[in-house]
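Hi everyone, thanks for coming.

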Amino acid sequence: MVQNRAVDEAVFNVTEAIRNAADAAIPRTSNSPRKLCKPWWNASCQQAKKEQRRAWGIFRRYPTTDNLIAFKRAKALARRIRRQCQRESWIQYVSSITSSTTSQQLWRKVKAANGLYREFNIQILETSTALFSSPLDVANLIGKTFASVSSSDSYSPAFQATKNRLERTPIHFRCRQPLPYNCDFDMFELKRALSSAHNTSPGPDGISYELLRHLNEDSLVSLLYLFNRIWREQVYPTQWQEAIVIPILKPGKDPKNPLSYRPIALTSCLCKTLERVVNARLVYQLEKNKCIPLFQSGFRKGRSTLDNIITLENKIRNAFVRRNHLVSIFFDIEKAYDRVLGAMGYFALYLILD
């Protein structure tokens, strides 16, 4: 299935085999939207409802007088617990209302108590020339907006010329001597990548990390063979270049403006698993050879941006003690991950002036 076929066909066969096995072994859930619980619903209500269902099941199978009485007692107890939780939740909510509580927050809580939740949907988008209300027009407008933001139009002509020239230059990955980070992947690397992955939403192929972690040993061997073929032949599968893009409204932004949405791309978990394996090798080599600067804390194991904040605080305190001036220059690049090539978003330069 993965030995003698082209890479794209091999990826398609592996994807179909995993999905067919999942369809045959795992029951599908309903497509109806998930029912949201009311604010007063808690563990006590859940346990009381469970006991009521259990008593009803016993009475339905064995319709005796004792079982009927037990069911009515469980039903009355569940009703009393629900009313008590409703009363306590309402008292807690009323006591939390202050003069600073807005009418919007007030009615949102009241509607939630009645089981009325506002669903997220993009009703209408507005540009300088027209209004868009149909789902197809809204999707096309958001797609064009995302494409224009991440296009090369924001680059200067000189940078675009340099970028195009370098992209046309072929990269030779062959080396004279075999290096450890160029060898084939082993099973330990694959299992480590799967175990460290979080249960995120699947991509267009519908395969999640949970499905990959439950593959048997023979299936993992085939998957590892496919990854090694992609690594050796340097062919990126066409299916992995597709993604499901979900627009998320930024906090405090106008919902009618298409620029107010942040794109969240859901790519294939198979692709992200291979990326994790490659990233583990690259990070190991970079850390081993000390190629990463000392003050680079983001995306590093055992480090965080809190280290840089503590460093800045330490320099500020030292400047106060020594009666010096501390100048901190912060760069906030707008839409850095969409526009800036290889940008890291935020970074700072510290300079102490005596």
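Let me start with a question: is glutamate 217 buried, partly exposed or exposed? Keep in mind that we are looking at a predicted model. With a relative accessibility of 41%, glutamate 217 counts as partly exposed, because that class runs between 20% and 50%.

Now, who is its partner? The side chain of glutamate 217 meets that of lysine 191 in a salt bridge, with 3.4 Å from N to O. Glutamate 217 sits in helix H9, residues 217–233, while lysine 191 belongs to helix H7, residues 187–196, so this pair ties together parts that are 26 residues apart in sequence. Lysine 191 is partly exposed too, at 38% relative accessibility.

In general, side chains of opposite charge can pair when their charged atoms come close. How many salt bridges does the structure hold? There are 11.

Let me show you another one. Arginine 317 and glutamate 313 form a salt bridge, and their closest N and O atoms are 3.0 Å apart. Both are in helix H11, residues 305–321, and being 4 residues apart there, they are separated by about one helical turn. Arginine 317 counts as exposed at 52%, whereas glutamate 313 is partly exposed at 38%.

Arginine 303 and aspartate 307 also form a salt bridge, at 3.2 Å between the closest N and O atoms. Arginine 303 is partly exposed at 29%, and aspartate 307 is partly exposed at 29%.

Methods. Residues numbered from 1 in each chain as written. Predicted model: local features only at pLDDT ≥ 70, side-chain atom pairs only at ≥ 80, totals over all residues. Heavy atoms only, no water. Salt bridge = Lys/Arg side-chain N within 4 Å of Asp/Glu carboxyl O. Helix = DSSP H or I, 4+ residues; strand = E, 2+ residues; numbered from the N terminus. Buried < 20%, exposed > 50% of the residue type's maximum accessible area, 1.4 Å probe, protein only.
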